[in-house]
Amino acid sequence: MARTGTTAVLALLPDAEPLLRLAAEVDGLVVRPGVPAHAALLYPWLPADEVEETQLHRLRVALPAGPVPIRLATVERTGGFVGVPVPELSRVADAVRTAFPAQVPYGGRFGPRPPVHVTVALDAAPQAAADIARRTAAALPITTEVNTLHVVGLTRTGWQGLAELPLNH
């Protein structure tokens, strides 16, 4: 569980919200309340009290110019995890991670270059995970685009937006 003051660099994917609703219909506990559909590019990022204009500028400079077309097309399931890969954001994640090499994605739990994905369900029971994976696959493909990244920070009342970084520089 993340601690207050943790930050992340995310690509919000509102067009993937129906996938989270499908998962919540199976088991409301497998979808994190207040967290919209997203792909994490770097989590955790910096402690919230260290997010200043200097770091935001470094992040902006690392980002590619222009929107990134996305096609959510496949489902992955490992135990109680159900996710949808977002390979189109790999290059963006690499750029963000390269700009902040001291920030290890997921604390290193998934290796130095974990694949970018949308988490649909987490910690689901086996039967629920299978049902969610089946429902998710039936709702795909979803095509969309990312034209802004978001820096969010965890407060005592939930995740809050700290900065928006348009991909149009």
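Predicted model: local features only at pLDDT ≥ 70, side-chain atom pairs only at ≥ 80, totals over all residues.
Student: Why are α1 and α4 called roughly antiparallel?

Tutor: The axes of helix α1 (residues 17-26) and helix α4 (residues 126-139) cross at roughly 150°, and because angles over 145 degrees count as roughly antiparallel, that term applies to α1 and α4. The contact is made by Leu-19, Leu-22, Ala-23, Glu-25 and Val-26 of α1 together with Ala-128, Asp-131, Ile-132, Arg-135, Thr-136 and Ala-139 of α4, and by class it has seven nonpolar, one polar and three charged residues.

Student: What makes the pair Arg-134 and Asp-131 a salt bridge?

Tutor: The closest N and O atoms of Arg-134 and Asp-131 are 2.3 Å apart, and since a salt bridge requires a side-chain nitrogen of Lys or Arg within 4 Å of a carboxyl oxygen of Asp or Glu, the pair qualifies as one. Arg-135 also meets Asp-131 in a salt bridge, at 3.3 Å from N to O, and Glu-25, Asp-131, Arg-134 and Arg-135 are linked in a network of salt bridges.

Student: Why is Asp-131 called buried, and why is Arg-134 called exposed?

Tutor: Asp-131 has a relative accessible area of 18%, and buried means under 20%, so Asp-131 counts as buried; Arg-134, by contrast, has 54%, and exposed means over 50%, so Arg-134 counts as exposed.

Student: How do you know that Asp-94 is partly exposed?

Tutor: Its relative accessibility is 23%, which lies between the limits of 20% and 50%, so Asp-94 counts as partly exposed.

Conventions
Residues numbered from 1 in each chain as written. Heavy atoms only, no water. Axes fitted to C-alpha atoms, helices over the stretch in contact; angles between N-to-C directions. Helix = DSSP H or I, 4+ residues; strand = E, 2+ residues; numbered from the N terminus. Parallel < 35°, antiparallel > 145°, perpendicular 65-115°, else oblique. Contact = heavy atoms within 4.5 Å. Nonpolar A, V, L, I, M, F, W, Y, C, P; charged D, E, K, R; others polar. Buried < 20%, exposed > 50% of the residue type's maximum accessible area, 1.4 Å probe, protein only.
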